[in-house]
Structure formats: structure tokens, C-alpha cells
Amino acid sequence: LRCEREELMRSASRIAAAAAQYFIHKDCLAAAANSLTLAKSLRHRVWPDTDQQCRLVPGIGPVIAGRLLRSNLASIEQLCGASIQEIERAAMQKFPFGSRVKNELSKFPPKMDLSLQVADADTN
């Protein structure tokens, strides 16, 4: 049953990615964005609005994510701000777990803020 579930998740992620390519080709950008979000969520097995962003970090599964959540270290930003010892204590893991988490976090892209400004289309 576990193998079948894994195959289903891989297939669903590929189907969502293919749908995104189709929607891009058809200039349906909202549908493409939703398909890409779905593909990413299926690949990582985490929804974008989850309270356990830490599950995106390799080596952190549902059990450790639950422990980190109870210690207020569930977001990527919170993990980046925590020390190695704080991560190990919250996750109830021994050294070098915190070092591995910090190493994986260093591979994440930097946090970016994006703001859009609507310009008047009238050029008179």
C-alpha cells in the first residue's frame, strides 16, 4: 500500500506539472500558477498555507515537524533564527541534527518581498 501511495503522489505531481505547461501554452496564467502550486505541494507533501513549513526541509518529517510546531519553530524563518541547540532541543534530536537542518536551510533561496504598483494605463 505504501508503494502504491508513493507512485500515486509522483504521478499526481507530474500530471499537475503537465497541466501547468498546458495552461501556460494556452495563456491561462492563473490556472498555470495554481497547477504549479499543486505540483509543488504534491512533490513536497505540504500545502503552501501549512503551519508546518519546516517539512520542506529534508530530514524533517511529520513527527519532528509536530515537535517543532509545539516549540514555535515550525516556519522556515523561525528555524533560520534559531540556534543549532534550540532546534535539537525542540526536535528532541541529538547532535548533529541541528547542524544538518542549518546546512539544508542555507541552500534555500533568500527571503524576498515583492510589491506591485498599478500604473495608470492612460498615457494621454
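I take a patch to be a group of residues with over 30% relative accessible area and no salt bridge, where like charges are joined within 9 Å and nonpolar side chains (Val, Leu, Ile, Met, Phe, Trp, Tyr) within 5 Å. A salt bridge is a side-chain nitrogen of Lys or Arg within 4 Å of a carboxyl oxygen of Asp or Glu. Accessible areas come from the Shrake-Rupley method with a 1.4 Å probe, and for residues only the protein chains shown count as cover.

I note that the model is predicted: local features need pLDDT of at least 70, side-chain atom pairs count only at pLDDT 80 or more, and totals for chains, interfaces and linings use all residues. Residues are numbered from 1 along each chain as its sequence is written, and side-chain values use heavy atoms, without hydrogens and water.

**Surface patch**

I looked for a nonpolar patch and found I24, L29 and L36 on the surface. Together they have about 280 Å² of accessible area. L29 belongs to helix α2, residues 29-44. Helices are DSSP runs (H or I, at least four residues), numbered from the N terminus. L29 counts as exposed at 59% relative accessible area. My cut-offs are under 20% for buried, over 50% for exposed, and partly exposed in between (1.4 Å probe, protein chains only).

**Helix α6**

Which residues of α6 are buried? I listed F97, G98, V101, E104 and L105, in a helix that spans residues 97-106. They cover an arc of only 125° around the axis, so they sit on the same side of α6. The arc is taken from the directions from the helix axis to the C-beta atoms. An α-helix has 3.6 residues a turn, so residues three or four places apart point the same way. I then checked the cover over these buried residues: it includes α3 (62-70), α4 (76-81) and α5 (84-91).

**Loop between α5 and α6**

P96 is in this loop. A cis peptide bond joins F95 and P96, with omega about 10°. M92 is in the loop between α5 and α6 too. Its phi is positive, about 55°, although M92 is not a glycine. M92 is exposed at 57% relative accessible area.

D27 is not a glycine, yet its phi is positive, near 60°. Its relative accessibility is 63%, so D27 counts as exposed.

Leaving aside neighbours within four places in sequence, Q52 is in contact (heavy atoms within 4.5 Å) with V46, A65, G66, L69 and A74.

Technical notes
Helix = DSSP H or I, 4+ residues; strand = E, 2+ residues; numbered from the N terminus.
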